[in-house]
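This report describes the salt bridges, the sheet and the cavities of one protein model, in that order.

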Amino acid sequence: MFIIKKIISLVLIVGLSISMFTGCFNKQSLNNELKNENLSQKEYNYLTGLPFEDGADKSARPVAAMINNIKIALPQNGLENADIIYEAVTEGGITRLMAVYSDINKIDRVGPIRSARDQFIEMMLPLNAIYVHIGASSSAERMLNFYSYQDIDGIYLGFLAFEQDIELAKTKGPEHSWFTNKDLIKAGMDKTGIQTKNDFYPAFDFVGNGEAKRTLNGDVANKISFAYSDYADVSFDYDATSGRYLKNAFGIPHLDAETGNQVSFDNVFILLTDVGVQKENGVLPDFELEAGEGYYFSGGKYEKIEWRKGEPENPLVLYDANGAVLKVNTGKSYVGLLDNKKSETIVISEEVQTSVNVERVQ
């Protein structure tokens with residue numbers, strides 16, 4: 001799918017691919033349905049919709065890190081400080097996470113870091129994020145090369161931008177033992193000359209600053225559960241006290257190893273799409289990211305939505321039941337890309353979680 005799509009659009013975006021050598025976009029050349037010419041650039045955090053913290057660099061590019069998400073890799077580091085976490089199947093039923101941070105200085109330790117996949121790159125490109133990974137699938141590597149996208153890749157930068165936890169390497173295996181942090185990422189950026197500041201699209205069309213959060217139009221959703229595969233299932237429990245959804249993975253609370261806290265989100269999105277298998281290897285999934293349906297959860301309620309994207313560099317745009325661009329509540333978000341064939345696993349209930357089994361999954 002990717003190769004055919006890129007051949008068709010090559011003539012239209014060849015100039016763009018050249019201009020993006022430093023990983024930055026010519027915004028005028030893209031179809032940005034969220035663009036507002038009257039909006040002051042960087043008036044708010046484009047990943048959360050919230051006002052910037054005092055002293056924040058408003059023009060800094062976000063950082064997107066690929067994180068291992070199999071049972072033996074839990075608990076991971078750095079999830080709690082991410083502004084957005086994307087999750088999708090990679091191969092063999094396992095999923096991977098992409099944690100996106102608006103402030104590199106909040107990355108004290110993140111990992112275990114794993115390889116790039118093209119479905120995550122398609123989510124990352126419109127955010128113009130500094131992409132952090134170790135290795136890449138062949139299709140992901142082609143996509144990065146097509147856009148001449150500068151990244152932080154441990155295959156080339158090694159110990160300059162990453163560090164290995166020797167104890168984890170001994171007990172869990174070397175592939176589950178590589179991490180990075182703000183200083184190491186900055187060292188990699190200096191080495192490769194990556195541009196640290198530029199424009200990027202808002203992740204969503206947020207409710208305006210100072211406005212009250214939206215109360216969604218659908219039914220109550222105190223508990224959400226679905227399965228990416230027979231191996232990987234997730235669920236979310238709405239916590240009315242914090243106003244956030246608490247994430248569970250593999251039947252236990254999904255914790256951040258750094259803080260010990262359960263990862264939580266103001267917004268949860270399930271985006272349904274067709275997922276096939278890449279013909280070149282017969283293993284890796286092939287995501288159709290043109291358009292589809294989905295669900296938006298916030299404040300203990302939910303709405304059915306539609307989404308559109310198209311070309312890899314195009315922003316993800318969400319729509320409400322009336323066809324208008326979806327207004328999203330401010331805060332941290334989770335975005336799950338779920339195969340349409342797994343839509344029957346989605347369960348939305350009014351049940352309130354009262355107790356949690358926190359046994360470690362191995």
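## Salt bridges

Across the whole structure, a search finds 15 salt bridges, a salt bridge being a side-chain nitrogen of Lys or Arg within 4 Å of a carboxyl oxygen of Asp or Glu. The model is predicted: local features need pLDDT of at least 70, side-chain atom pairs count only at pLDDT 80 or more, and totals for chains, interfaces and linings use all residues. Residues are numbered from 1 along each chain as its sequence is written, and side-chain values use heavy atoms, with hydrogens and water left out.

Glu53 and Lys106 meet through their side chains in a salt bridge (2.7 Å, N to O). Glu53 lies in the loop between α1 (2–19) and β1, and Lys106 in the loop between β3 and α2 (118–124), so the pair ties together parts that are 53 residues apart in sequence. Helices (H or I, at least four residues) and strands (E, at least two) are DSSP runs, numbered from the N terminus. Lys106 has a relative accessible area of 32% and is partly exposed; buried means under 20% relative accessible area, exposed over 50%, and partly exposed in between (1.4 Å probe, protein chains only).

A salt bridge also joins the side chains of Glu280 and Arg142 (2.9 Å, N to O). Because Glu280 lies in the loop between β15 (275–277) and β16 (285–287) and Arg142 in helix α3 (residues 138–146), this pair ties together parts that are 138 residues apart in sequence. Glu280 is partly exposed at 46% relative accessibility, and Arg142 is partly exposed at 31%.

In the salt bridge between Arg214 and Glu303, the closest N and O atoms are 2.4 Å apart. The pair links distant parts of the chain, with Arg214 in the loop between β8 (205–206) and β9 (223–227) and Glu303 in strand β18 (residues 301–308), 89 residues apart. Arg214 is partly exposed at 23% relative accessibility, whereas Glu303 is buried at 8%.

An open sheet of mixed pairing is formed by ten strands in the order β5-β4-β1-β3-β2-β21-β14-β17-β18-β19. At its edges stand β5 (152–153) and β19 (317–319), each with a single partner strand, so one side of each is left without a neighbour in the sheet. Two strands pair if DSSP finds at least two bridges between them. Six bridges connect strand β1 (residues 63–68) and strand β3 (residues 95–101) in the antiparallel sense, and Val63 has Tyr101 in β3 as its bridge partner.

## Strand β14

Strand β14 (residues 267–273) is mostly covered, with seven of its seven residues buried. Asn267, Phe269, Leu271 and Thr273 point one way from β14, while Val268, Ile270 and Leu272 point the other way.

β14 runs parallel to strand β21 (residues 333–339), to which seven bridges join it. With strand β17 (residues 291–298), β14 pairs in the antiparallel sense over four bridges. Val268 has Tyr334 as its bridge partner in β21 and stands opposite Phe297 in β17.

## Cavities

The structure holds three cavities of 30 Å³ or more. On a 1 Å grid over the protein atoms alone, a cavity is a set of points where a 1.4 Å probe fits but cannot get out, and lining residues have an atom within 4 Å of a point. The largest cavity has a volume of about 80 Å³, a volume being the space filled by probe spheres set on the points. Its lining includes Tyr86, Glu122, Met123, Lys309 and Leu316.

Note on methods. On a 1 Å grid over the protein atoms alone, a cavity is a set of points where a 1.4 Å probe fits but cannot get out, and a pocket is an open set with protein on both sides within 12 Å along at least five of seven lines; lining residues have an atom within 4 Å of a point.
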